[in-house]
Every structure is written in C-alpha cells, then in structure tokens.
Amino acid sequence: MIVKLILNLILVPIPSIGVNGAAIASVACHLVAFGISIMALKKTIRIKLGLKRFVIKPILATAIMAICSYFIYSMLLGIIAEKLATIIAIVFAIVIYGAAIIALRVFSKQEIKMLPAGNKICMILEKLKIY
C-alpha cells in the first residue's frame, strides 16, 4: 500500500499522466506484493518456482492475448457496434489465452489432470500431439 500511495502522490499530479498514474501505481503495488509473496513461499515451503514457467510464460501468453484481442477489436469496431465488438474481442481473448497457455505448456500433465475433466482434456491434448 505504501508503494501505491507514494506512486499516486507522484504520478497523478503530472498533467501528461493524470488518472493513468493511479493505474500504474496499482500495477506496481501488485508487482511488489507478488514479489514478496514469491519470496515468502520460497522461504517457508522451500518450493522451487521457476521464473520461466511461473512468470515469463504467463506474461507471454497475456501479451499474445492482448495484442490479438486489440487487433480483433480494432477490425470489428468499424464494422459492428462498439459493445458487440467488445464482447466478441473478449470471447476471442479468452480462447486465445487458453490456446497460448496450452501451446506454451505452462501446465504439466499432472496439473491438467487435477482439473475437473482433466483426464479428458489430457487425452484430447495427447491426441492432438500437444502434450
């Protein structure tokens, strides 16, 4: 919270940033909280959390989803109503994010099998030769 308060006090008064400074401060605050949580987990549980698997791959999947949904929204905006374009872009974003998570192999087979209907999902992914 201290990070958020300090960044809000610094960023919001800047005319070129304005209210967007509050959003930036929120993201920074969450990143700090995330970092503290990861360090506490590593210390307490002695678990090895790989940076590539737990941070880089999800960020890459998020970037892929964001770029694709932005372009889908932009293409639809001139053709259909804004609200409908937003809904369609969100649906595509969900599908694209799921596909990116699977393609990047963020989850192991054991983790997929723990999901509801995980065995069926795992069988489908094996048939498609993804896992």
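1. Glu 126 counts as partly exposed, because its relative accessibility is 35%; the class partly exposed lies between buried (under 20% relative accessible area) and exposed (over 50%), with a 1.4 Å probe and protein chains only. Glu 126 forms a salt bridge with Lys 109, and the closest N and O atoms are 3.2 Å apart. A salt bridge here requires a side-chain nitrogen of Lys or Arg within 4 Å of a carboxyl oxygen of Asp or Glu. Lys 109 belongs to helix α5 and Glu 126 to helix α6, so this pair ties together parts that are 17 residues apart in sequence. Lys 109 is likewise partly exposed, at 32% relative accessibility.

2. The model is predicted: local features need pLDDT of at least 70 and side-chain atom pairs count only at pLDDT 80 or more, while totals for chains, interfaces and linings use all residues. Residues are numbered from 1 along each chain as its sequence is written, and side-chain values use heavy atoms, with hydrogens and water left out.

3. The structure holds two salt bridges. One of them joins Arg 53 and Glu 111, with 2.1 Å between the closest N and O atoms. Arg 53 is in helix α3 and Glu 111 in helix α5, so the pair links parts that are 58 residues apart in sequence. Helices are DSSP runs (H or I, at least four residues), as strands are (E, at least two), and the numbering starts from the N terminus. Arg 53 is partly exposed at 27% relative accessibility, and Glu 111 is partly exposed at 25%.

4. Which residues make up the largest nonpolar core? Its seven residues are Met 65, Ile 72, Leu 76, Ala 85, Ala 89, Ala 93 and Ile 96. A nonpolar core is defined as a set of buried Ala, Val, Leu, Ile, Met, Phe, Trp, Tyr and Cys residues joined through side-chain atoms within 4.5 Å. The elements that give two or more residues to this core are α3 and α4 (82-103). The largest share, four residues, comes from α4.

5. Ser 69 is found in helix α3 (residues 51-77) and is buried, at 14% relative accessibility. With neighbours within four places in sequence left aside, Ser 69 is in contact (heavy atoms within 4.5 Å) with Ala 89 and Ala 93. Ala 89 in turn touches Ser 69, Ile 72 and Tyr 73, again not counting residues up to four places away in sequence.

6. Helix α4 also holds Ala 100, which is buried at 7% relative accessibility. The C-alpha atoms of Ala 100 and Thr 86 are 20 Å apart in space, and the two residues are 14 apart in sequence.

7. How many aromatic pairs does the count come to? The count is one aromatic pair, under a rule that pairs rings of Phe, Tyr and Trp (its six-membered ring) if their centres lie within 6.5 Å, with planes under 30 degrees apart called stacked, over 60 edge-to-face and the rest tilted. The pair is formed by Tyr 70 and Phe 71 and is edge-to-face, at 5.7 Å centre to centre and 70° between the planes. Tyr 70 is exposed, with a relative accessible area of 54%.

8. Ile 2, Ile 6, Ile 10 and Ile 14 make a nonpolar surface patch of about 370 Å². Patches are made of residues with over 30% relative accessible area and no salt bridge; like charges are joined within 9 Å, and nonpolar side chains (Val, Leu, Ile, Met, Phe, Trp, Tyr) within 5 Å. Accessible areas come from the Shrake-Rupley method with a 1.4 Å probe, and for residues only the protein chains shown count as cover. Ile 14 lies in the loop between α1 (2-11) and α2 (20-45) and is partly exposed, at 31% relative accessibility.

9. Leu 5 is found in helix α1 and is exposed, with a relative accessible area of 51%. Leu 5 and Ser 26 are 21 residues apart along the chain, and 9.2 Å separates their C-alpha atoms.

10. Two backbone angles deserve a remark. Most residues other than glycine have a negative phi. Arg 105, which is not a glycine, has a positive phi of about 55°. Arg 105 is placed in the loop between α4 and α5 (109-113) and is partly exposed, at 43% relative accessibility. Ala 117 also has a positive phi, near 60°, and is found in the loop between α5 and α6 (118-127).
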